Amino acid sequence: MLTQTFHFAVLKDYQKVFTAQGKTLVEVLQFRADNMNPIDILPYIKRCTLDIICETAMGCSISCQTGGNDGYVNSVKRLSELVWLYEKTPLYWISPIWYLSGKGFEFDKHVRSTTEFTRRVIENQRTEISRKSSSATTENPDQPKKRQAFLDFLINCQELSDEDIREEVDTFMFEGHDTTSSGITFAIWFLGQHPEYQRRVQDELDDIFGDDFERHPDSEDLQRMKFLEQCIKETLRITPPVPFISRKLSEDVKIPHPTKADVILPAGMSIILNIVSIMKDSRFFERPWEFYPEHFDPERVTSREAFAYVPFSAGPRNCIGQKFALLEEKTVLSWIFRYFSVTSLTRFPDEFPIPELILKPVNGTKVILRNRRKL
Ligand code: HEM
């Protein structure tokens with residue numbers, strides 16, 4: 001049912017949102033550039049991806065890049081922190097301790113505030129749809145067609161209740177912004193550590209846009225950003241935003257052992273697949289612990305075992321938003337490297353990313369930005 005919402009034609013429509021929000025991001029950042037004070041880039045990127053997902057998933061704008069909707073933004077941030085804290089602290093699994101610590105109440109408060117926000121948007125959207133259907137005959141055909149948001153598709157599915165819809169939209173809200181903000185931030189961080197690769201990205205962008213800093217990228221431009229795409233994929237290999245996935249085995253799984261007897265994992269067992277490590281296998285990546293975008297040169301990709309690279313998981317429950325994510329990352333990063341040169345103040349692996357709910361830079365990502373155009 002949901003796959004149609006990621007159809008190529010729909011993504012093309014979402015592309016306009018990625019572009020507009022990417023432009024807002026560089027406009028906000030350019031006033032932080034050209035001085036020697038480093039900035040932590042992650043919160044800026046996060047607000048950008050949150051604006052993008054609100055508009056594409058719910059069809060409403062929260063303008064958090066320009067200071068709007070602080071309450072929702074803080075609740076989303078705090079929920080991610082609290083879920084992770086809960087997961088890694090077995091003591092908190094005892095309900096009275098979770099609540100006596102105050103964390104339980106705080107968690108419930110933020111869940112209420114985010115779900116109420118989504119409910120309100122669904123309600124408004126339903127009212128809008130019924131208003132339109134009752135005034136359909138008086139509608140102006142010359143008016144531009146409104147972009148379909150993910151929520152509109154769900155509302156049109158008769159078999160879903162409002163609460164079903166709310167759950168799906170909330171899943172998308174979380175899956176769809178925390179992951180891409182880490183992906184974009186890590187890519188900026190790596191390119192800020194490797195001026196030679198950053199130069200290649202900027203040469204590619206300059207070939208496409210010349211010195212026009214205003215032109216919005218279209219799908220043809222994005223297809224030409226081949227080296228930038230290699231850098232994005234290499235970043236997702238070293239620091240995949242979703243570092244582990246888990247499964248409950250539906251049948252016995254045999255793991256062959258090179259010297260001892262095979263290991264059998266029995267059906268019913270819960271397992272964790274460590275995708276961070278899978279993608280550091282030197283049999284498939286010649287420089288597993290280095291940022292080396294050449295790993296994604298076309299001839300290397302075609303000769304590689306497909307399951308060696310799984311930042312979006314694989315199989316029937318893989319990431320439904322992967323094309324959306326790559327397109328979004330490419331668009332936002334193209335704006336960043338058209339506008340700025342970046343220097344990272346910390347290096348991988350001295351500064352090691354940590355898994356929260358999503359893999360994050362441990363101490364934020366401190367960078368210095370220099371404007372590439374004269375203001
Ligand atoms: C760089 C960005 C992203 C990464 C690395 C990523 C990674 C993943 C991974 C590894 C899974 C599979 C989990 C599993 O196998 O158990 C997954 C599932 C999912 N992702 Fe993404 N994701 C990204 C962006 C997005 C975006 C932008 C959206 C939505 C707009 C999204 C929506 C989802 C949903 C709904 C699922 C669950 C699919 C299902 O259960 O069938 N993701 N993602």
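Which residue is the bridge partner of S341 in β9? In this predicted model, the partner is R370.

Three strands form an open sheet, arranged in the order β1-β9-β6 with antiparallel pairing. The edges belong to β1 (39-40) and β6 (340-344); each has a single partner strand, so one side of each is left without a neighbour in the sheet.

Strand β9 covers residues 366-371, and its antiparallel pairing with β6 runs over 5 bridges. Besides the bridge between S341 and R370, there is one that joins F340 to N371 of β9.

## Two faces of β6

Look next at how the side chains of β6 are placed. In a regular strand, side chains alternate between the two faces of the sheet. Here F340, V342 and S344 make up the covered face of β6, while S341 and T343 make up the uncovered one.

Helix α14 spans residues 322-339. This helix has 18 residues and reaches 26 Å from its first C-alpha to its last, close to the 26 Å expected at 1.5 Å a residue. Much of α14 is hidden from view: 14 of its 18 residues are buried.

How does α14 relate to the strands, and which ones does it touch? The helix packs on the sheet, touching β6 and β9, and its direction makes about 95 degrees with that of β6.

## Helices around α11

Now turn to helix α11 (residues 226-238) and its contact with helix α9 (residues 195-209). Their axes come within 8 Å and cross at roughly 140 degrees, and α9 and α11 are therefore oblique to each other. From α9, the contact is made by Y197, R200, V201 and E204; from α11, by K226, F227, L228 and C231. By class, these residues divide into 5 nonpolar, no polar and 3 charged.

Helix α8 (residues 178-193) also packs with α11, at an angle of about 105 degrees and with the axes 9 Å apart. That makes α8 roughly perpendicular to α11. In α8, the residues G183, F186, A187, F190 and L191 meet C231, T235 and I238 of α11. This contact has 6 nonpolar, 2 polar and no charged residues.

Notes: Residues numbered from 1 in each chain as written. Predicted model: local features only at pLDDT ≥ 70, side-chain atom pairs only at ≥ 80, totals over all residues. Heavy atoms only, no water. Helix = DSSP H or I, 4+ residues; strand = E, 2+ residues; numbered from the N terminus. Expected span 1.5 Å × (residues − 1). Buried < 20%, exposed > 50% of the residue type's maximum accessible area, 1.4 Å probe, protein only. Pairing = 2+ DSSP bridges. Contact = heavy atoms within 4.5 Å. Axes fitted to C-alpha atoms, helices over the stretch in contact; angles between N-to-C directions. Parallel < 35°, antiparallel > 145°, perpendicular 65-115°, else oblique. Nonpolar A, V, L, I, M, F, W, Y, C, P; charged D, E, K, R; others polar.
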